[in-house]
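The stops below may be followed in order.

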Amino acid sequence: MRSRLAAVGMVALGALMPLLFWVSGGLLALITLRRGLAAGGIVLAGATALLVPIYAVLLGTPLAVLQPLALVWLPVMGMAQILRATVSLAVTVQLGALIAVAAVATFYGVYGDPALFWTQILEVLSDRLLAGPPGAEWDRAVEQLAPRLTGLWVSNVLAVAVLCLLLGRWWQAMLYNPGGFRSEFHGLRFAIWFAAGGGAAVVAGAITGPGLLADLGVVLGAVFILQAVAVAHAVVARRGWHTGWLVGFYLVLPLLLRPVVLLGLADTFMDFRARLAPGT
């Protein structure tokens, strides 16, 4: 925050190290939240210019910079600017989810049957990664995975953008508003109309099977995992429970994704925080 050059260097470094990509996204979110889209854009342009020759030498193509640019930086900065303008984490995530829904619909409009597109991508990967020709198990895995990859891919991009945004928001609170992020995140609750649409998409996708509705259900359902996590944090904090409860929640989360989605959806209508965690 003190040096634009240092910010450019840290964003570029985060992109070069796979385990630190979230740091670069969080830094861009912080800069955009605090100083605006123009300041974030200058840092983004500087980091991109720095990475182009590095990628050209290391990977043989400067176009590799498009991956962090399109999949991390631009989505994060867009959501950070929305949060800066609306000062509402719920509204920001809802708008991000609606953009993701539009991206899924556009993908179907462009490719018709995205499963064929993903099948071709997976075949190319198998040629590069497998020593010999793929076997029957690989073919079955591709057949099962390809029809679902559109929703999984878009929801992954949205999840990375949201997590980087939360990281930047947390840093902003630590620097300029201690305790602000905690209360903001604990109070995260999406609108009833959004929950109704998300719930309908989840149910429709479960009934129809792989396809457009299922992909929309995956994207919108993933958003309500965030609300369920906010509920868990708020209840533990207000009840004064040991943080071990949160550790246990995160450990079982990957195994109980669907129930957690339903918990987040139900909270919009039931407001579990008011029922289970009265007071502040």
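**First stop: the loop at Val87**

Select Val87, which is placed in the loop between helix H4 (66-86) and helix H5 (89-111). Helices here are DSSP runs of H or I with at least four residues, strands are runs of E with at least two, and both are numbered from the N terminus. The phi angle of Val87 is positive, about 55°, although Val87 is not a glycine. Val87 has a relative accessible area of 59% and is therefore exposed; the classes are buried under 20%, exposed over 50% and partly exposed in between, with a 1.4 Å probe and protein chains only.

This is a predicted model, in which local features need pLDDT of at least 70 and side-chain atom pairs count only at pLDDT 80 or more, while totals for chains, interfaces and linings use all residues. Residues are numbered from 1 along each chain as its sequence is written, and side-chain values use heavy atoms, with hydrogens and water left out.

Next, select Ala85, which is in helix H4. Ala85 is exposed, at a relative accessible area of 61%. A C-alpha to C-alpha distance drawn from Ala85 to Val11 spans 23 Å, and the two residues are 74 apart in sequence.

**Second stop: the whole chain**

Zoom out to view the protein, which has 14 helices and 0 strands. Its C-alpha atoms fill a box of roughly 60 × 50 × 35 Å along the principal axes. Of the 280 residues, 43% are buried.

Select Met10, Leu13, Leu16, Met17, Val57, Leu58 and Leu59, which make a nonpolar surface patch of about 670 Å². Patches consist of residues with over 30% relative accessible area and no salt bridge, with like charges joined within 9 Å and nonpolar side chains (Val, Leu, Ile, Met, Phe, Trp, Tyr) within 5 Å. Accessible areas come from the Shrake-Rupley method with a 1.4 Å probe. Helix H1 (4-16) and helix H3 (37-58) each supply at least two residues of the nonpolar patch, and the largest share, 3 residues, comes from H1. Leu58, in helix H3, is exposed with a relative accessible area of 61%.

Then select Arg4, Arg34, Arg35 and Arg84, which form a positive surface patch. Arg34 belongs to helix H2 (residues 21-35) and is partly exposed, with a relative accessible area of 40%.

How many salt bridges does the count give? The count comes to 2, a salt bridge being a side-chain nitrogen of Lys or Arg within 4 Å of a carboxyl oxygen of Asp or Glu.

Select Glu184 and Arg169, whose closest N and O atoms are 3.0 Å apart in a salt bridge. This pair links distant parts of the chain, with Glu184 in helix H9 (residues 180-186) and Arg169 in helix H8 (residues 149-176), 15 residues apart. Arg169 counts as buried because its relative accessibility is 13%.

Move to Arg273 and Asp267, which form a salt bridge with the closest N and O atoms 2.5 Å apart. Both Arg273 and Asp267 are buried.

**Last stop: Asp271**

Finally, select Asp271 in the loop between helix H13 (257-270) and helix H14 (272-276). Asp271 has a positive phi of about 50° and is not a glycine. At 24% relative accessibility, Asp271 counts as partly exposed.

How values were computed:
Lys and Arg count as positive and Asp and Glu as negative; His and the chain ends are not counted. The place of a charge is taken as NZ of Lys, CZ of Arg, CG of Asp or CD of Glu.
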